Each structure stands twice: as structure tokens, then as C-alpha cells.
Amino acid sequence: MTKFIFRLKYVILRLKSPSMKNNLCLKYIFEKVYQTYIDDLLRFLIFKTRDVEEAEDLAQESFIRLWDNCHKVQANKAKSFLFTIANRLFLDAVKHKKVIRKYEQHNTKEDHIKETPEFLLIEEEFFQKIQYAFNQMTEKQREVFELSRFEKKKYREIAEILGISVKTVEQRMNGALKVVKKYLGNL
Amino acid sequence: MKITDKDKLLADWLEGNITDETLQKQLTKEEYLQFLKIRNGFELLGKVEKSKKKIWNNLQTEIKTKPQQNNSRRASFKMAFSSVAAVLLLFLFIKIIANNKGVRFRNETAQNKILLLPDSSEVILFANAEIKYNPKKWHKKREVLLTGKAYFKVKKGGDFIVKTKHGIVKVVGTEFEVESNDHLFQVICFEGKVIVETTGKKDFLLTAGKGIAILNNRPEEIQTIWSEPEWLHHIYNYKRQSLGTVLNELSKIYHIRFDTQKIDTTTLITGGFPKDNLKLSLQTVLKPMGISYKKEGNLILLYSDN
């Protein structure tokens, strides 16, 4: 009898305050969780799989599973859930690949073609610092940095797009690089 | 912070103003490696940022097709309703059980209390006695649960069962007393016939005036001359008992002795005498018989009036 009363009280509480902090099923909370952990999750998967595309698929699947289980997982347990699922999915993928390899008798060299060349030099810790530095840049620095490094735009083009002088673009880019330098330690 | 040459080199090189070879010439092996790492790091970062946006877009589709928030609300409602339903069911269940169990009547007073049963049978409860029975089922089954001491006047009509923790008393239209306490189980039949079933052991058949007392599992046959228990009306009632027998009881009760040499003790008498009143008791018993008495301490001399 008391069990039912407790259950009832808990349910009434939940209905009264749906914006409880650990309610993952609320979109804005789920989004916050996504923003908080996606960097780490992707990095983790990228360095495990050595393949950005595969890491992307696994990360996406992990978050889908989190969404499907949003009632059962508290927001403060989300990270451990995500990483556990991601790791499991990764291991399943490895098993799957092994099976395929067994039956396809391909030239083993082909397997390496997928590996992203960027990996040839960097370690996970290094990349973590890069990610962190990127998040520490100011909005303006990040904006210029993105256009330059991701979109491969020249300073001149960036200046035009943003409606600022080339000098300003240079300044902001230098600022961004300084942030990176700071978090990498010594250059 | 001052922009060092190395910082400018990095910026120029990333922008594409200087080639890898030109750069290499200006740096140590370690420094060049570091520059390459940084450029690769930025490349990877670009891919990661792109992935992040792509994943989030895909998640939007997923969230839209499977909106969990409503479900959790619905699930909460479901849970609320099921909990309320469960509590209601429990209440109902308890009520039904309670109804099936019937009523409970307890004599909280120091006096005897009469209880009239649905078929007009009577139960007289001694102090602290408790009885339970189901009025709804009475017409089918006359059964009571007794704790303590009670006197039953059962109307004719099928079995009448008194259940106690020590045993069961079965009756057909009769008057009897049952006492069930922690160690004592006593049944005295005053009128009619009574069957006593004890847990495990013997069954006893009692006729009027006969009783059975089971103290700590030891049964003992008892006799009574009374026509009903004295605690009923605080009167010792007797029916067609010999004078001698009644005087015997009187001596036991009042701790006195009778000298009966001068009277006939075999006469059968019917009557009663009160508790706690020797004078009145003697008068009630002896006067109708035409017997007088002389009290000398604890000895009472009885002699005929004529």
C-alpha cells in the first residue's frame, strides 16, 4: 500500500514539474546533452575507428539510442550511457568487419584506404587540445577561423563575406592561432 | 603577446602564402612536424565540426518521428492512473474482504452484554469477550469466532458453530457457555447437547449439566448444577437439584458449613440465590422450603419450621 502511495507521489511530482533537470526527454535538455558530449564522443570514436565517416555513424546511433531511452537514463548518467553504447557498437562493427573479411578474401591493402590521412601524425590528446582551443576562441575569431580552415577561403574572400577589412581578418586569425598555441603548450 | 616569427610563419603557411618546402627550410625537424600536426589537426577539426552538424540534423528527424516527451507524459499519466487504480482496487479488495469477514463485537465494559444474532439466537458476552460473525452469510452458516467467555442461547435451525483458538463447539438449538482464553478452553452445556471439537485431539459430547475444561491441553470433565452461568445475572440458578447439592455449592461459595441433620436434603428444588449476599442467599433457598437457620460463626444449623 505504501509502495503505491510513494509511486503516486513520485508521479504527481513528475507531472507537476516536467522541467526537472534530469529529464532527457525534453528537447532542450537533450540538445544540451548533445552539445556537451558530442565532441568527446566523436573524438573517442574517430581515434578508435581511424575513420571519420564510421565514427560519425556510430556517434549518431549512440545518440539515437540515448533518445530512445530518455526515460530510463538520467541526464547526469548520459555520458556513461553514450560511451558504453558507442563502444559496444564499435566492437560489433569490428566483429562484423572480421566476418566480412573472412568471406571476401580481398587484398588487405584496401582496408587502409578508408583511413583518414590526418591520423598519420596526431594523437588523441593532441586533438583534444585542438578541440578545446576551438571552443575557447571568441565568436569573431572562430568565425574567421572556420571560413579559413574549414571552408578554405582566402583572407580577401573572408573580408568580403564578413564585410570587414583584410587587416581585421588577419588580426582575428592571429588571435585564433594564439588561442591554439596557448592550449597546445609550446610550439 | 608579441607575434613571433614562428606565429607569422604558421599563419602565412596555413593561408598558403608559403610552400611546405619553404617552411621546412626555416624550421627544425621537430618544429616542422609540429606545424604539420597542427594543420592536420585543423583538417580533422573541420571534418568533426561538419559531422556534428550532420548528426544533429539527423537527430532532429529522429526526435520528430519518435517524440519521447509526450510518451513520458503519457507514461506518467499511465503510471498515475495505474497507481490510482491499484489503490482503488486495494481499497475495494479490503472492503470486500471486510464484508466477507462480517462484524466484530467486543464487550469493552465490565458488565455482560447481550448480542442478538440474525436468527434471534442470543450471545451474552462476558467482560472483554469478543465475537466475530458474518451477518450476510448467517442464513447459510451460523458461525461465530469467539475470544473470551460467552453464553449462547441458540435457536433451533441447523448447525451453530462457535470457533475458538482452542477448538470448535457445535450445537443444535441449545444453551451453553464457552470460554476461550490463553490457556483455558471451557465449555459447559446447560441445556440441550453440544459437541466440542478440540484442535487435534478428542471430541466431547456434552449434555445439560456437563462441561469440559481443558487447561494447558489437559481435559477435565466438569459438572454443574446451575441452569445457567452465575456470571450471567450474578445469580446461581438451579433447576430440580437436590437441596443437599445446593447447600453444598453454597458452602463452597460462601465458605460456610451446614448442619443438616434435622432436615431432608433429598428434596428437589428449583430457584436461585445471589452472589455476595449470604443472608439473602440463605433466605432465598431455605424459606420456600420451610427451613430456618441459626448461624454460629461459620456453621449454620438448619432445622425445619414445623
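1. Chain B of this predicted model holds an open three-stranded sheet with mixed pairing, ordered β15-β18-β17. Strands are DSSP runs of E of at least two residues, helices runs of H or I of at least four, both numbered from the N terminus; two strands pair if DSSP finds at least two bridges between them. β15 (257-259) and β17 (291-296) of chain B are the edge strands, each pairing on one side only. From one strand to the next the twist averages 30 degrees.

2. β15(B) and β18 (residues 299-304) of chain B run parallel and are joined by three bridges. B:R257 has B:L299 of β18(B) as its bridge partner.

3. Helix α6 (residues 124-136) of chain A crosses helix α3 (residues 29-65) of chain B at roughly 65 degrees, their axes coming within 10 Å. Axes are lines fitted to C-alpha atoms, for helices over the stretch in contact, and angles run from 0 to 180 degrees between N-to-C directions. On the α6(A) side the contact (C-beta atoms, placed from the backbone, within 7 Å) is made by A:F126, A:F127, A:I130, A:Q131 and A:F134, and on the α3(B) side by B:K37, B:G41, B:L44 and B:L45.

4. Mean pLDDT (the predictor's confidence in each residue, from 0 to 100) is 85 in chain A, with 79% of residues at 70 or more. Helix α7 (residues 139-150) of chain A is highest at a mean of 97, and helix α5 (residues 109-113) of chain A lowest at 48. Residues 109-113 of chain A stay under 50 and have zero contacts beyond four places in sequence. Where pLDDT is low, predicted coordinates should not be read in detail.

5. Residues are numbered from 1 along each chain as its sequence is written, and chains are lettered from A and ligands numbered from 1 in the order written. In this predicted model, local features need pLDDT of at least 70 and side-chain atom pairs count only at 80 or more, while totals for chains, interfaces and linings use all residues.

Terms used:
Two residues are in contact if their C-beta atoms, placed from the backbone, lie within 7 Å.
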